[in-house]
Amino acid sequence: MRTTVKTLALPFGLAVALSAGAAGAAETTLPKDLPPYGQDKPLPVPAITQKTLDNGLAVWVLSRTDGPPKVDVVLAVRGGKASDPADRPAMSDLLASLLTEGTRTRSSIEIAEQLQAIGASIDATAGNDGITVAGSGLASGAERLVGLLADVGLNASFPEAEVTLAKANALQALKAAEAQPSYQASRAIARAIYGDHPYARTLTTETSIEKTDRAALAAAHTARFRPDRALLVVSGRIDAATALKYANGAFGGWKAQGEAPAEVVAAPREAKPQYVLVERSGSVQSAVRLGRPVFAANDADEIPAALANTILGGGGLDTRLNRNLREDKGYTYGAYSAFSVARRGGAFTSGADVRNEVTGAAVGEFVKELQKLIDTPVDAAELERAKRAAAGGYLFRNQLQSAVARSLAANWLVGRPPEYLGQFVPRTREVTAEQVQTMARRYFDPKTLSIVVVGDKAVAEQLQAYGKFDASPAGD
Amino acid sequence: MTFRRLVLGLAALAIPLGAAAADRWQLPIAVKKLDNGLTVVVSEDASSPTVGVSVVYHVGMRLEPKGRTGFAHLFEHLMFQGTPNAPKGTFDRVIEGGGGMNNGSTRADYTNYIETAPVSALEPILWLEADRMKTLDFSAENLKNQQDVVKEEIRVNVQNKPYGLFFWSDINRLAFSKWENAHDGYGSFADLEGARLEDVRAFHRDFYGPNNAVIGIVGDIKAEQAFALVEKYFGAIPARPVPPRPDVAEPLNTREKRESQTDALAQVPALAVGWKMPERGSADQAPMDVLAQLLVGDSASRLYQGLVKGREQLLNIEGGVNWPLGDAWDYAGPAPLVLFGLYKPGVQVDAVLEAIDEEIARIVKDGVDAATLKRVKTKMLADYNDGLEAFISRADTLAKAQLLWGDAKTVNQIPAWIDAVQGADLQRVAARYLTAANRVVIDRTPAPAAAAGDKP
């Protein structure tokens with residue numbers, strides 16, 4: 001492909017030079033007949049109408065006149081798993097799942113049937129920093145959906161019988177989850193990364209479920225669900241005035257009660273690496289995970305680190321990790337890397353599930369790929385491809401109104417402003433190869449990474465070169 | 001041609017439009033067939049400067065060679081391993097480096113290759129899809145590499161995982177009698193390792209020609225432009241003979257089949273139930289879709305309310321027609337309605353089956369009240385629209401409808417077919433299909449002592 005230079009027209013009047021992905025690619029010669037990429041169209045930026053109701057509730061509306069005839073409504077409140085008591089880790093999971101199991105005026109079945117009648121559903125989930133109650137339904141039912149969402153968010157009553165059933169089911173679901181190697185790996189790497197910080201306690205335990213009762217749930221609900229620490233996003237086939245009218249009608253009378261949860265302490269940015277083998281007898285694969293703590297959301301490193309991660313293993317199959325571990329070696333179905341950042345801290349993790357006999361060799365390849373990004377600057381073509389991949393990912397999410405609404409709520413929970421969404425691509429475009437290398441030095445240094453392997457104990461001898469591994473029994 | 005009969009039958013009815021009519025989402029659909037037999041389906045949508053593309057081939061697990069279980073899926077992986085013109089790595093590099101994403105999946109009746117990207121990457125995508133339709137780089141090294149990758153995929157999804165997709169592979173084995181429908185589409189390691197380059201060549205030649213494919217394009221492009229681009233890149237690929245398709249049809253089962261399994265990795269027992277479904281295009285298809293939603297579609301459904309709530313026997317219940325690898329509208333050969341749930345300590349499987357039977361019997365006897373039926377159909381319309389929101393899914397749904405139904409416009413008609421279903425239809429299909437005789441049951445219990453990775 002010949003080298004072409006195109007201009008990406010941005011609505012902020014920025015004009016950024018953008019070369020085609022193949023420009024100057026030293027490592028691959030593209031087919032001579034392959035047509036070049038066409039002219040890029042302007043990047044759409046969500047137009048958000050923002051209003052704060054008298055009670056302090058922030059309301060953001062994204063209207064659209066195209067796309068499917070649906071409306072998305074998302075309520076986010078501050079205070080998630082990091083605010084759960086230390087002896088009841090992930091109590092927020094029960095809190096979130098019980099919101100739709102009964103309110104002061106509606107039973108569980110009434111909520112389910114009334115949602116069904118307007119072609120809607122409501123999912124409530126708990127994250128590190130908050131609880132998100134997301135509703136989606138046909139546009140014709142918008143007003144009723146906003147009303148139902150307000151009812152489950154504000155008036156959840158945690159009926160005793162529903163709490164008892166939810167606890168019984170959660171205990172069995174935990175047993176089922178613990179049989180999954182991926183679940184054991186997630187738990188072990190989170191502990192290695194976050195140590196004593198609450199971000200390490202995002203997966204529940206038997207004791208936590210047993211100790212949780214109706215009173216604890218109701219108290220946590222009262223403390224966390226308050227308008228001055230909440231955001232409502234409405235998006236879809238609805239105009240801003242109508243959306244604000246519905247929001248005011250359903251949420252205008254909401255009042256804060258009692259004390260809000262305390263601010264979570266900042267998580268450490270460094271941790272002494274740990275090497276853990278979680279024994280899983282008879283396992284035919286090893287779940288390998290590497291990780292370390294990093295920065296919180298809104299850190300200056302956030303955008304360049306995300307781009308470095310796209311190159312390493314955050315994209316699809318044309319990443320350093322997948323080109324090596326999957327397409328060259330055939331060790332795995334897929335290798336990945338990710339930055340997960342929260343309000344008070346963040347983590348870098350990477351991993352793959354590999355067959356037993358290549359467990360040590362796979363760890364060796366992770367180390368090589370991480371070290372290569374530290375030692376050698378990325379070339380211009382690879383950097384450009386990663387930037388285009390980041391822009392494409394943004395455009396894809398923008399097709400889906402529920403994804404945009406949820407992204408806005410997730411950004412708000414970690415403390416990012418609404419403009420972050422529209423600024424992500426232009427800010428990514430400014431990242432240099434030097435910055436990528438700096439990020440690799442800061443966050444990819446293999447000597448700073450904990451390593452967790454969930455697998456048969458026979459793989460232990462393959463790991464000796466990478467650290468002194470402690471054996472940890474499964475189910476701990 | 002049962003399909004024609006269904007369409008004519010519905011067209012002759014005056015379908016009353018309910019309250020949901022305003023929420024009906026009609027897509028613009030333009031279809032053109034090239035001289036080489038490649039059918040092109042386009043739906044314009046300028047709401048995002050992106051496109052979704054799906055190239056669907058009319059071959060899947062049913063048509064893989066005997067003694068080569070898992071071959072259709074292995075072949076799908078090899079479609080990403082390069083061609084004489086575009087060496088291994090080019091495909092992902094150009095699409096991901098152009099801001100796009102791509103994937104492929106193998107199902108019983110089709111294999112699809114899907115992409116979404118900024119519209120600026122559409123021409124390179126079409127070039128790459130046309131290039132691999134012509135021929136592949138039939139290399140022993142790439143075959144070995146992907147045999148390894150597919151084995152890791154099977155380890156991660158089946159052998160190293162509790163339950164290991166038994167509600168798919170083992171339900172099919174038990175429910176169906178013809179090899180095409182009953183065999184394990186992921187394949188045995190012995191068969192996968194036995195695959196040879198000549199198998200790969202023959203499969204590409206026989207099933208991957210333009211006349212055995214449909215391409216769907218959705219997004220910020222006019223239909224005429226899209227037709228011209230497809231003509232430009234695919235028009236010169238000659239049609240290739242396609243082997244005659246075997247008759248894979250099977251009657252409903254007349255005797256219940258049950259199996260008990262142990263699972264060395266699981267900690268909680270599980271139950272799966274399957275019933276053989278009406279054939280594609282049958283007048284029973286839409287009622288069966290509605291009945292499945294009524295039974296297991298969401299948290300208002302009869303089985304969730306009756307067995308997870310109510311009797312408190314199950315932790316969860318999932319399922320549906322053609323679940324988990326498809327839906328009620330994207331199968332061609334025989335497909336089951338599947339239920340899958342984890343059950344609680346002390347619960348007897350027979351009690352769960354009895355409860356399911358009670359819920360079904362109640363529908364057969366009493367039908368469904370009008371309000372419930374309306375609610376269920378309203379939710380189905382919302383879910384249907386959701387499934388079409390992403391351009392990549394819309395392109396794929398349109399291409400599959402063209403391939404499996406011979407008409408992409410069925411995508412716009414299905415909501416009306418669902419809306420036309422009446423309570424008596426549900427009684428009829430519940431009585432006909434959801435019988436004990438037409439049922440298969442697998443009870444899977446933890447077996448801590450056995451070796452991991454053992455799969456019956």
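Two strands are taken to pair if DSSP finds at least two bridges between them; helices (H or I, at least four residues) and strands (E, at least two) are DSSP runs, numbered from the N terminus.

## Basis of the model

This is a predicted model, in which local features need pLDDT of at least 70 and side-chain atom pairs count only at pLDDT 80 or more, while totals for chains, interfaces and linings use all residues. Residues are numbered from 1 along each chain as its sequence is written, and chains are lettered from A and ligands numbered from 1 in the order in which they are written.

## Sheet of chain B

Chain B holds an open sheet of five strands with mixed pairing, in the order β7-β11-β8-β10-β9. Its edge strands, β7 (257–263) and β9 (318–321) of chain B, each pair on one side only.

Strands β8 (residues 270–276) and β10 (residues 336–342) of chain B run antiparallel and are joined by seven bridges. Pro336(B) in β10(B) is the bridge partner of Lys276(B).

## Interface of chains A and B

In chain A, 65 residues are in contact (C-beta atoms, placed from the backbone, within 7 Å) with 69 residues of chain B. Helix α12(A) supplies the largest share of the chain A side, nine residues.

By class, that side has 28 nonpolar, 23 polar and 14 charged residues. Here Ala, Val, Leu, Ile, Met, Phe, Trp, Tyr, Cys and Pro count as nonpolar, Asp, Glu, Lys and Arg as charged, and the others, Gly among them, as polar.

How values were computed: Contact = placed C-beta atoms within 7 Å.
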